[in-house]
Amino acid sequence: MTFFRKLWFVLLVFCVLLCSCQGNITDSGQTEQPEETTKEAADVFIIQNRKTDYKLIFGDSHEKNPRASASDLAGVFLNNCGVIFSAVAYDKTEASEFEIIYGRTDRQLSIELADAIDAYPKNTHAWGIAYRDGKLAICTNSDIALSEFCLQSLKAEFVRDRNFVVKENLWHIFTITEADYQLMLEKEAAEKEAAAYAERVKQIEILKKELAEVDTAEYGGELLTYLADAPKPQVYPKKGQHPRLYFTEEDIPGMRAAMEDPDNAEGVAAFMTYVNMKTDGKLPEAKFNKNRRDYNDTFMNFNAEPLTAIQSKALYYVLTGDELYGWEAICAIKNFILTLDIQQAAAGSTGEYVGRTMVVAACVYDWCYDLLSDTDREQLLRGIETRLCHPGVELEFGFPPKGFGTVSGHGCGSTVLNSFHTVAIAIYDEQPCWYEYFGGLYFSAYIPAREYFYGSGVHSQGTWYGMARFLSDIKAAWLYMTIGVELPYAEDMAKVARSYACNVTWGDEIFASGDGYGVQVSETRLRDICLVSAYLFDDPVARAIAKETYNGYGIYAAGHGGLKALEFIILSSSGIKPVENSKDHLPEILHNGDWLGQLITRRNWAVNSAVTQAKIGQRTFSNHDHQDHGTFQIYYKGLLTGDSGVYELYGTDHWRFYHQATLAHNGLLIFNPAKHDAAPVDANNDGVIDNRVRYWYSGSQRYTGETSKLETWLTSRYDYGTVTGVKYGYEPDGETAKYSYIAGDITKAYDTDTVDYVSRSMLTAYTGDEEFPMVFFVFDRIDADQPNYKKTFLLHVNGKEAPVIEGNTVTITNKIAGSGMLVNTSLIGGDEIVPVGGTDAAGNPQNFLINGVQCNDPDGKTDEWGRVEISPAPGNKSDLLLNVMYVTDLSQTKKLTPVRVTSDNALLEGSSVAGITAMFGTAREKITANCTFNTSGSGEMTYYIGGLAAGTWTVTVNGKEIASTAVSEEEAMLTFRAEAGSVSIERRI
C-alpha cells in the first residue's frame, strides 16, 4: 500500500472520530467541540492507523498564549492539506495534560509527544511532527529556523504549498503530491545508490592498492610441479569451470532462493553476521595459552572468527556480484596466510588449524576466481604450498602427507580428507599435481574402503567420534559429487545419518558407543551430518532430523570440523523441505548388518518407549572403536544400563584399560591369571610402568592396534565375531515392534589361550503390558581354556544410585535420568553376584575399579555408580549363563518372577515370564535334533526359540500340531503363539 493510500485511510478514520464526537467542520475550518472536551488545559486530537506506522497528532498551546485549537487545526488540515507529512502538537510544558483524548485516556501518547519535542525551546507554541524513514521533521508557527529544517527534510524542490493562515497566525505546513513524493524517493534512492557505489569503488581501489604493494616473494618460493606417486584419478575436475567447490553455477539460483526462504531466516542471519564482520585478515602476535592440561597448551594466533568471515564474504560475492566483498575476501585471506603463526598447538591439532586456513583459501581462490589476477593466483598458491604446508609447520603427516590410514585414524579426519582435497580441486587448472596425488588417493584407497564398511549403514567409530569422522567423510563425498563423481557406496552412505538418529534414545540422550563423553548426544554433529546427507541424497527425513535436533541456526561452529552458516546456505539450495515429523519415517527396529551386526529396537517412538541396543560386532576398527563385542544397552525413561567411562585423553590408562575395554560395557570377562601382574614393576624414564598392560588386565577382549588400510582390516586380526542368527518382527500394524533377536559367536574377540568358545544370544520382547512393557533375555555359553578362569557377566549401573541385590535378583534405577527401573534375574550362572562401585569408607570413588584398583579418568568424573558382576561357581571349563531382565516404572511394587525352562535333551535352555517363553540353543552348533520342553501356567503365550538349524520345523503343543514353519540359516529362530504346556519341535528337511 502506498503512503497516500495509507494516509487517506487515516483521514477516513479521522472523519469517523469527528462524527463519533458530534463535532462539525464549518466552512471556515472551525470545529464545534463537545462541551465535556473543552477545557482550560490543552486539547489534543490524534488520528492513528494502528496497522501502519503513520500517526498524526494535533495540539494547541496553553491558555495563557491562545492559538488555534487542535480541532480547528484538524479542520484546516482536512480542507487545505489533502496530502501532508506533518502532524501538529505543542510544547512540552503542557505535555502532562495530554491524557484526555476525546474521551480516551492515553498517557503513553502524551509521553511520546513530550519526548519528541523535548530538545526544542519551551517558548515555541505549536509544532508539526513528520515521520519518514525513521527521521523526525519539525515545523512551527513561531520558529522560522525550525520550519526551514522541516522544509529541507522534505526536499525543497518537491514541496508545493508552504503557508496557511489559521486565526491570523502564520503556520508553515508543507504539502507534497503523491507523484512528487515518489519522484523524491526515487531520487533519494538513486543518490544513495550512487554514493554507495562510489564508496565501494573507492574501497575496492584501496584494497587493490594494498594487494599490489605486497611482494610475491613474501608468500614463499617456487610452485610445486610434483607431490608424490599415486594411481591416476578416475574423474577430473572440468578445466575452466569455476565455481566447483561444494557448488557450481547451476546451484547459485537455488542459494539465492534459500536466502529469501523464511524457513532459513535464522541461518541466513547467522551467515550475514559473518558477511558484515569487519576484518582485514591480519592476525595479532601469537601468544601462549595455558590450558587445563599440558596436552592442550598452545602458542599461536589462529582465530576462526575472521577466517569464517572471509569465507562468508567470498560466498556473498558469488550470490550478489558485489565485488567489494570479493576483494575484501581476497585481501583478507592473503593477510591471514601471511600473519598466521602456530608455534605450538594441542597435540595433533596443527593440521586442523592449517587445514581450516587451506579450505578458506581454496574457496576464495575458486569462488572469486574471476577477480583474481595471475599475480593473485600465484600468491595464493605459494601461500598454501610454502607458508601453510612448509616443513616448519608441524603437520601430523608432513607434506606431502604420508603414512596415514584411509580406514581409520587422523587420515580419515578433516585435515587430510577435506583440507588437502579441497585445495586439490580448487587449483587443478594451475596446479594439477595436487589433484593427481590426492584425487588418485581418494579413488584408489578411500572409495574402496568406504564401499566396504558403509555396507553396515553406520560409521565404525561410534556415536561421538563416529559422527565427527562421518562429517569429514560426507564432506569429501560432497566435494567429489560436485565435480561429477558417482560414489559406489552412496546408497549405503545415505543411511548413516538416519542410523545415528535411531541411536538417540529420547531427547538429548543417545546410546553411547566408541570413544565419547557420556550419553548426551552431540546435537551439532547430528545436525551437521543430517544437513549434508539431506542435500546430497534428497532426504527430507534427514533435513527434519537436523531441524528437530538443533532448534535454530545461530552462529555455527567456526572450526573446519563443523558446518558454518555459509555452508547452511549452500545446503539449502536444493530446496529440500523437511517432513513434518522425522520419527514418523524412522524405523522402530534398526538392523546394522554386514561387518557390525547390531540391532536397535524400540516399541515405538513414544517418549517413554523401552529401547535396547544389542551388538555382536563381527569386525573391529580399533582407534576410537571399543572392545564391546557381544554387548547390550537398555533405556527406559532414562538410561538404565549401558557403556561406562569417559574419553578424555587418547592413551591414558583409563581410556585404554577401562573406557575402551570390555570391562566398561555389558559384556563378558574371562580372566586368565597368567596374564595378570598384581603390582607394577619398575617404571621407565617417563614414569610409565613397564607392565601396565598386565597390571590393568581385567579379562576383557583382546586389544588390536589401529587399522591402517583396507587390506589390513580385512585380515583375521580384525575378525572378532560372527552373527549366527538375526530376526525381528512387528505387530500386525507393521509399525509397532514386537521382538528382535540377534546371536553370535564372539570367540575370536578373546585371546586364543584364554577361551575355546564364547557365544551370546539376545532377545528383546515386548509384552503389550504397560506396567511391564519389555523383557530382555541374554543367554551365554563360555568354554574357557582352563576351569579356574573366572567368567563374569557385566551389568553396569549408569545412575548414581547403588543397585539392590536380593538373592539372584538385581534392581537398577537411574533417578537422575528418569523414572524407569530395570530388574535382572540370574536363572543360570548367578552363583556369585557382587556390586562394584560407589565410594569407599573415605569417600573415594570405586566406580572404575580394575582388580580392586581405581582407574580414574584424568578429570576424575564419577557420573556412574559402577557395575554388578555376576559369575558362575568356579571349577567348570564350560558354563552357561541366563539372565532375564524386565523394565517397569520406579514406583512399581509388583514383581515378575521368571521361571527357568529346560528341554528334555538339554539342547535348549530358557525362561517363561510375562506371557513369553524364550529358548536358546546350548550347543556350539545350531540345533538339528528334536526337542521337547514344558511351560507352566495357562493360556496363550508367545514362543521364541533361537539357535535352530535351517529347515522346516514342525511345532506340536499339548499333542496337537499347530504349525510347520521354515527357518532360514540367517534367522536361526522360530517364533509362534500357542497355549502353555508341553511343546515339541521337529526338524524336517
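The lining of the second largest pocket comprises eight nonpolar, 11 polar and seven charged residues, where Ala, Val, Leu, Ile, Met, Phe, Trp, Tyr, Cys and Pro count as nonpolar, Asp, Glu, Lys and Arg as charged, and the others, Gly among them, as polar. The model is predicted, so local features need pLDDT of at least 70 and side-chain atom pairs count only at pLDDT 80 or more, while totals for chains, interfaces and linings use all residues. Residues are numbered from 1 along each chain as its sequence is written, and side-chain values use heavy atoms, with hydrogens and water left out.

**Pocket**
- The second largest pocket has a volume of about 510 Å³, and among the 26 residues lining this pocket, Gly518, Val519, Asn798, Asp863 and Glu864 are the closest to its centre.
- A pocket is an open set of points on a 1 Å grid over the protein atoms alone, where a 1.4 Å probe fits, with protein on both sides within 12 Å along at least five of seven lines, and lining residues have an atom within 4 Å of a point.

**Sheet**
- An open sheet of mixed pairing is formed by five strands in the order β34-β35-β36-β38-β41, strands being DSSP runs (E, at least two residues) numbered from the N terminus that pair if DSSP finds at least two bridges between them.
- β34 (899-902) and β41 (973-979) stand at the edges with a single partner strand each, so one side of each lacks a neighbour in the sheet.
- β34 runs antiparallel to β35 (residues 908-913), joined by four bridges, and Arg900 has Ser911 in β35 as its bridge partner.

**Ser761**
- Ser761 lies in strand β23 (residues 755-766) and is buried, with a relative accessible area of 10%, where buried means under 20% with a 1.4 Å probe and protein chains only.
- Beyond its neighbours within four places in sequence, Ser761 is in contact (heavy atoms within 4.5 Å) with residues including Tyr741, Phe777 and Phe920.

Note on methods. Points joined across faces, edges and corners; volume = space filled by probe spheres on them. Buried < 20%, exposed > 50% of the residue type's maximum accessible area, 1.4 Å probe, protein only.
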